[in-house]
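Please consult the sequence and the structure shown below.

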Amino acid sequence: MVAEKGEIYDEFEEHIVPPSWEERIWRIKDYKEFHDSTVKDKEAIERWWGGWAEKLSWFKNWEKVLDDSNPPFYRWFVGGETNLSYLCLDWQIEQGRKNKLAFIWEGEPFDDTIGRPKELKKCTYYDLYRRVNRIAYALREKLGVKKGEILTFYLPMIPELPQYMLATQRIGASHSIVYSGFSSLALAERIIAVGSRIVVTADELYRRGKIVPLKEIVDDAIEICEKRGHRVERAIVVKRTDRSIPWNSRDIWHHELLRRITENVRVEPERMGSEDMSFILYTSGTTSMPKGVQHSVGGYAVGLYTTMKLIFDLTDDDVYWCAADVGWITGHSYIVYGPLMTGTTALMYEGAPDYPRPDRLWHMVERFGVSILYTSPTAIRSLMKFPLENLKRHDLSTLRIVHTVGEPINPEAFRWYFKNLGREDVVASSTWWMTETGHIMTGHFPGLGKIFPLKPGTNGYPIPGVKLEVLDESGNPCKPGVRGYLVLATPWPGMLMTLYKDPEGYAVPWSKFGKSVFYTGDYAVKDKDGYIWVLGRADDVLKIAGHRIGSAEIESSLVLNPAVAEAACVGRPDEVKGEVPYIFTTLKQGFKPGPDLGAELKAHLRKTIGPIAASDATILFTDRLPKTRSGKIMRRLLKAVVTGASLGDITTLEDERAVEEAQKAYEHLREVMANEKR
Ligand code: WT7
């Protein structure tokens with residue numbers, strides 16, 4: 001029975017009990033044609049996404065799927081009402097998942113004598129529901145949190161993080177989560193930007209066996225906030241370790257906050273409009289200040305639900321593991337909201353993938369029978385370096401889908417994992433998307449494999465309802481195989497609503513190719529079969545181990561140091577991390593270049609931005625930076641220096657000596673490094 005056209009769409013309804021892959025393959029063999037039919041015009045887009053939206057539960061139905069009358073401001077599911085906490089909890093319980101495990105949480109500390117983690121927590125949908133209601137009640141009744149208020153979370157990967165996220169959603173408040181690898185200054189800037197009155201943190205966190213004093217960092221941040229005229233009224237502190245920490249009158253332990261609130265307390269989920277703000281997440285762009293990407297409720301939910309079903313093909317028997325950090329968009333969407341909204345059992349792991357030994361990840365896949373794994377190319381590449389025995393020792397046969405995200409995957413890493421993790425028998429792909437898109441935009445999914453054979457390194461084909469194009473500088477589609485700019489040519493439901501308090505900044509990516517085309521900032525190629533290959537950033541944004549950080553952010557941090565006159569940061573390809581920052585600096589008079597100052601500047605970076613910028617940074621000293629005659633730093637030339645590429649056009653360069661000096665500084669550094677190795 002071959003599906004008639006149009007029935008292909010119904011095919012996705014059968015995800016709960018999927019037909020065999022083989023069967024599905026021939027059913028969707030017209031994928032390209034089908035894909036076209038979902039993006040060809042506004043009606044097609046509305047039909048596709050509206051169909052998925054009907055599968056969710058709404059307090060009030062939407063009147064219109066998409067209002068595109070005022071680009072780049074799009075409105076999705078206009079008039080609809082729902083709530084993310086309701087979708088993730090109450091709705092799951094209504095569907096019979098009361099006693100199903102929502103989360104399996106594993107702490108990092110490991111007991112070597114018995115070969116088991118020291119802490120393991122399992123929590124059902126009902127457990128989570130009760131816990132979230134209690135926190136929601138405490139926030140609303142004890143701390144007076146109101147609809148629309150934004151709380152800042154600076155938390156490790158512990159169960160309380162999703163609980164607080166869901167609790168804020170429940171009462172119509174929002175969160176801005178700051179990844180715990182950011183410093184006190186970076187945290188303070190983000191707290192001030194959203195005006196948070198309340199910060200939620202933990203006493204300390206475990207990372208690769210070390211303890212990081214999180215609360216101390218928060219104290220510093222709050223002090224910076226105060227100096228800049230913003231008062232944080234409350235810091236809620238979750239207890240993670242057993243050691244004593246500094247304490248202030250504004251601080252309140254999480255367990256104290258909940259004390260005397262009955263465990264049976266219930267808080268009605270707030271009726272949120274589709275377009276209301278669910279959360280803000282700061283991400284790096286090309287300016288020194290990060291951008292507050294603002295997401296919606298309704299459209300975001302529909303995008304997540306769809307991609308969970310399509311890309312991860314979730315069924316009720318799966319054990320799903322997204323090994324990212326909740327502090328980034330991957331974790332928001334695919335550790336917390338997406339999995340819960342689809343009634344999944346999700347694994348959440350606190351620590352490093354190679355702690356205490358390089359087989360931790362594989363051991364966990366085996367112990368929990370993980371069937372779906374979502375991880376990063378950096379994690380794969382770092383684990384590939386260890387003897388294969390680490391992996392072979394474990395039974396990984398439960399895996400059926402393994403995707404990566406965050407940065408391009410090199411074909412070698414893809415082949416390695418497809419073979420060794422996936423027995424060449426898993427659905428595997430590099431799913432491309434970004435903080436701004438909210439959810440996955442490309443990727444292979446079950447059934448697609450035989451029509452679109454896997455090509456190691458590709459991002460595959462866009463999902464239905466999403467139109468990706470590769471354009472040249474003047475906005476014309478590039479020929480197959482020719483590098484251009486990756487754009488989203490149609491609106492999509494999980495799209496950012498705006499940048500928080502910065503509608504002009506929001507308009508920037510919608511201006512390069514016209515108001516209804518979103519420029520992603522990536523270079524990409526479309527090959528002759530229509531596969532997308534994202535090559536990396538086309539702008540001055542770095543991807544260090546998949547973490548996004550702007551050159552301008554690093555530079556403006558360094559020039560705050562009294563020794564530094566100017567700084568220019570470029571990415572250099574790295575075998576494991578994908579890319580690492582190389583920072584050329586010129587010094588103010590009276591300062592001498594050398595290893596001591598290099599170390600001091602790295603410490604400065606750590607203090608102002610955090611380990612995510614500092615850990616892999618290399619500082620170089622030079623007498624002048626290559627600039628145009630109008631004084632703009634030509635990062636492109638420095639990039640050529642560190643990658644050994646040709647310099648290209650240098651007619652606008654003001655002083656050629658600058659490039660020679662950069663080259664010398666770079667060669668000197670290589671020599672020093674080579675000597676150190678010897
Ligand atoms: C940038 C967005 C979305 C999850 C985490 C990253 C790069 C992301 C891929 C991929 C090649 C990728 C792009 C993009 N990127 N996924 N599968 N292949 N590049 O979110 O921090 O907002 O970064 O990550 O350069 O623009 P983000």
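A polar contact is a pair of N or O atoms within 3.5 Å; within protein, one must be able to donate a hydrogen and the other to accept it, and residues adjacent in sequence count only if both atoms are side-chain atoms. By this criterion, an oxygen atom of the ligand lies 2.6 Å from a side-chain N or O atom of Arg 548. The model is predicted: local features need pLDDT of at least 70 and side-chain atom pairs pLDDT 80 or more, whereas totals for chains, interfaces and linings use all residues. Residues are numbered from 1 along each chain as its sequence is written, and side-chain values use heavy atoms, with hydrogens and water left out.

**Ligand surroundings**
- The ligand is surrounded by 18 residues (a heavy atom within 4 Å), the closest being Ser 430, Thr 435, Asp 522, Arg 537 and Arg 548.
- Backbone atoms also take part: a polar backbone atom of Thr 431 is 2.8 Å from a nitrogen atom of the ligand, and a backbone N or O atom of Glu 407 is 3.3 Å from a ligand nitrogen atom.
- On its own the ligand has 560 Å² of accessible area (Shrake-Rupley method, 1.4 Å probe), of which the protein covers 97%.

**Domain arrangement**
- The assignment (automatic or from a database) gives domain 1 as 125–278 and domain 2 as 541–651.
- The centres of domain 1 and domain 2, taken over C-alpha atoms, are 34 Å apart.

**Interface of domain 1 and domain 2**
- Contact (heavy atoms within 4.5 Å) links 8 residues of domain 1 with 10 residues of domain 2.
- About 580 Å² is buried between the two domains (accessible area lost on being put together, 1.4 Å probe, summed over both), and carbon and sulfur atoms give 59% of this area.
- The interface holds 1 salt bridge (a side-chain nitrogen of Lys or Arg within 4 Å of a carboxyl oxygen of Asp or Glu).
- Arg 190 and Glu 553 form a salt bridge, with their closest N and O atoms 3.6 Å apart.
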